[in-house]
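Dear colleague,

I am handing over the structure below for your attention. A short account of the findings follows it.

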Amino acid sequence: MAVISPNTRVQPHSAQINSDDHLVVGGCDTVELASRFGTPLYLLDELTIRKAAEAVKQGLAQYPESRILYAGKAFLCLAMCHLIDDLGLGLDVVSAGELYTARAANFPPELIYMHGNNKSRQEIEAGLQTGAVNIVVDNASELALVGQIANELGKKARILFRVTPGVVPDTHHYIATGHTDSKFGLPLAELQAAVALALEQKESIQLVGLHTHIGSQSHEIEPYLEMVEILADCFQEVKLNFGLDLPELNIGGGLGIAYLETDRPMAIYDWAQKVSSQVSKSFRSRQLPPPFLVVEPGRSIVGTAGVTLYRAGHSKLLPGGLRYLAVDGGMADNPRPITYQAKYTACIANRMSSSSAEQPLTLAGKYCESGDIIIKDTYLAADTGDLIAIFDTGAYNYSMASNYNRTGRPACVLLSEGRADAIIERETNADLLRQDRVPDRLLRRAQR
Ligand SMILES: Cc1ncc(COP(=O)(O)O)c(C=O)c1O
């Protein structure tokens, strides 16, 4: 049977239309979800996440030994940690907050990989104290800090070096990371010296492998194949220089998803299958043993599982013919359009079979920036009061959300077989005041 790869479909795997002509996700009527939880509302379809993880597992099935990490930066909360653990995946964390979330969910430390191009002393200490976490070291000065902290704590840090292979994937330049002048990772020319430094610190550092991540929302396989060849060269050089077979290769994530019906990202199953067979080939041709292979997709696991529900508010028709329909959210809950000019697909969740409009409509956010546009020129016959669903908001929406204009972040509801569980509560106005402090001198003035 063909393996389902949810990253190629705009809608979540479980999406349906019911007899009331409403969008149904995870067996739940989205119109009912909107009245129960309010809008804006993030929905997450558990089945899509499970299918995506299964597709990667199937794609790696022929490879001798591998591990799938979920890149938590795409979307993380306690429930997501539990779900990822239940799926048997490891976790890529990139901050003290993500690590703290994983620890609070009792995530197995040995399956946690710590990333970041500027890990602080506190972050490294927290990582080493968590247990056998893996630290992906970004640069030589970070190596020195990790060695020093591991010494102080009497621990041995299990590390991989992140290298910059000089490969540029087909994506927006803000989310490409593998190019030679990237802020991430060690330039290839500095790798062997860094390996030498790591090997000198045998008491505190255990160097187990190399890592790279070339970028995000890439649709093509070629940059990955090229990157694997370059990494295999690095392993070979380490072997020649130090007589060492590094056991682990982590090739990052970055596979894209279909945001538009016309998008054709590679299926996540094919990605895992092709990349792993390239690893076998590249290592075999250099007479190197196949490394323990680690992949760390984020967007392609959770992106298409997400749907955001908005209520349509005021509409206006400008003299030039441009029509705006504003919704009750926007750039604070989804900063991707204003950051990367990201494109999205929408539907009218309360009347799915409504025919498309003859004139285009611009779906505008409610925040105080002209750039806060969710979709420019969509042919949606939507109007005030409609429930608008935006697909593919599972990755880098909640995790990049802000409180701009002093707005609480929406709730997030996990949907599965007719059950809807809030896994993140909506932030209230009181939550917005929680960290506020007023100096006495100003309070006194207000009391006068
Ligand atoms: C080191 C690393 N690994 C994995 C990922 C996940 O990428 P994606 O969500 O595109 O799969 C990222 C994203 O930026 C990353 O920086």
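N405 is partly exposed, because 13 other C-beta atoms lie within 10 Å; with C-beta atoms placed from the backbone, a residue is buried at 20 or more other C-beta atoms within 10 Å of its own, exposed at 12 or fewer, and partly exposed in between. The phi of N405 is positive, about 60°, although N405 is not a glycine. N405 is found in the loop between β19 (387–391) and β20 (411–416); helices (H or I, at least four residues) and strands (E, at least two) are DSSP runs, numbered from the N terminus.

Please note that this is a predicted model, in which local features need pLDDT of at least 70 and side-chain atom pairs count only at pLDDT 80 or more, while totals for chains, interfaces and linings use all residues. Residues are numbered from 1 along each chain as its sequence is written.

N106, also not a glycine, has a positive phi of about 60°. N106 lies in the loop between α4 (96–104) and β7 (112–114) and is exposed, because 11 other C-beta atoms lie within 10 Å.

T39 and P40 are joined by a cis peptide bond, with omega about -10°. P40 has its place in the loop between α1 (30–37) and β4 (41–45). Most residues other than glycine have a negative phi, and most peptide bonds are trans.

Finally, three strands form an open antiparallel sheet in the order β1-β2-β3, where two strands pair if DSSP finds at least two bridges between them. The edge strands, β1 (16–17) and β3 (28–29), each pair on one side only. Two bridges join β1 to β2 (residues 23–25), and L23 in β2 is the bridge partner of I17.

Yours sincerely
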